[in-house]
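My entries follow in the order in which I made them.

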Amino acid sequence: MTTLAGLRRFLVEPQGREPVQEVCEMCATPVPPQHPHLVQVAERRMVCACGPCAFLFNKILFDNPGAGGGGYRRVPDRYVTDPDFRLTDAQWDALQIPVGMAFFLRNSAQDRIIACYPSPAGATESELTLEAWEAGVGGGRLAAELEPDVEALLVRRDKATRRGTDEAGRAGGCLLVPIDACYRLVGLVRLHWRGFDGGADAWREIDRFFDDLRDAARPLRPEA
Ligand SMILES: [Zn+2]
Ligand SMILES: [Zn+2]
């Protein structure tokens with residue numbers, strides 16, 4: 001909850017209001033709706049950037065990898081799936097995530113894995129044991145690819161399990177995504193969730209969100 005406080009302003013898209021012109025927070029240049037983001041690693045703060053600033057600050061970090069504090073890291077734009085990976089029901093239950101969706105990020109400042117799920121109240125942090133991580137999502141090949149602070153592993157429980165319908169194959173599995181994608185999902189849930197189970201409107205938006213991610217993703221290369 002508090003972990004992600006700095007990201008709160010990315011989560012809400014006020015309805016019925018004119019979209020405000022976003023600017024690069026490094027140089028104040030206006031940026032288009034699709035623009036790079038940087039994460040201030042020590043403060044776990046995400047900031048909007050223009051292309052040149054995203055390039056520049058990433059280069060500073062790259063040239064001074066040991067510099068630490070003050071380091072900004074660019075949020076990458078790759079989306080990767082692992083077609084061979086699925087969480088079992090037992091592994092899901094061990095995560096104790098109530099909504100059937102969760103994302104995991106590696107926090108380099110604290111050197112630990114943080115598990116979050118979207119809820120009507122925003123991104124909510126879940127207690128995650130190391131055992132549950134290692135036996136589940138952390139044991140997959142995508143976990144080895146995960147860049148700290150700026151990427152997340154996003155999982156969704158099979159629809160078949162969630163709703164008793166047979167649409168397995170579309171849901172389930174694991175995606176490696178830029179961290180800002182997770183906050184788009186959190187924003188969607190905040191905006192559309194109604195009542196206890198979210199309602200049809202919310203799940204339609206969530207389905208569309210995951211479909212778009214899957215369209216953008218490339219599969220992990222098969223193991224040699
Ligand atoms: Zn800039
Ligand atoms: Zn932005």
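I began with the zinc ion (ligand 2) and looked up its protein donors, which are His35 (NE2), His37 (NE2) and Cys48 (SG), lying 2.0 to 2.2 Å from it. Donors here are N, O and S atoms within 2.8 Å of the metal (3.2 Å for Na, K and Ca), and water is not among the atoms, so sites may look incomplete. Along the chain, I read the spacing of these donors as H-x1-H-x10-C.

I noted the basis of the entries: this is a predicted model, where local features need pLDDT of at least 70 and side-chain atom pairs count only at pLDDT 80 or more, while totals for chains, interfaces and linings use all residues. Residues are numbered from 1 along each chain as its sequence is written, chains are lettered from A and ligands numbered from 1 in the order in which they are written, and side-chain values use heavy atoms, with hydrogens and water left out.

Are the two histidines, His35 and His37, buried or exposed? His35 is buried at 11% relative accessibility, and His37 is buried at 10%. Buried means under 20% relative accessible area, exposed over 50%, and partly exposed in between (1.4 Å probe, protein chains only).

Next I looked up the zinc ion (ligand 1). Cys24 (SG), Cys27 (SG), Cys50 (SG) and Cys53 (SG) coordinate it at 2.3 to 2.4 Å. I found their spacing to be C-x2-C-x22-C-x2-C. The angles among the four donor atoms run from 104 to 116°, and the site is tetrahedral (four donors count as such if all angles lie between 85 and 135 degrees).

I then turned to Gln40, in strand E1 (residues 37–40). Strands (E, at least two residues) and helices (H or I, at least four) are DSSP runs, numbered from the N terminus. Gln40 is buried, at 5% relative accessibility. Its side chain reaches the backbone nitrogen of Ala42 at 3.2 Å, and a polar atom of that side chain lies 2.8 Å from the backbone nitrogen of Glu43.

Last, I looked up helix H6 (residues 179–192) and helix H7 (residues 199–216), which pack at an angle of about 165° with their axes 9 Å apart. H6 is therefore roughly antiparallel to H7 (the term applies to angles over 145 degrees).

Terms used
Four donors count as tetrahedral if all angles lie between 85 and 135 degrees; four count as square planar and six as octahedral if opposite donors are over 155 degrees apart and all others between 65 and 115; anything else is irregular. A polar contact is a pair of N or O atoms within 3.5 Å; within protein, one must be able to donate a hydrogen and the other to accept it, and residues adjacent in sequence count only if both atoms are side-chain atoms. Axes are lines fitted to C-alpha atoms, for helices over the stretch in contact, and angles run from 0 to 180 degrees between N-to-C directions. Angles under 35 degrees count as roughly parallel, over 145 as roughly antiparallel, 65 to 115 as roughly perpendicular and the rest as oblique.
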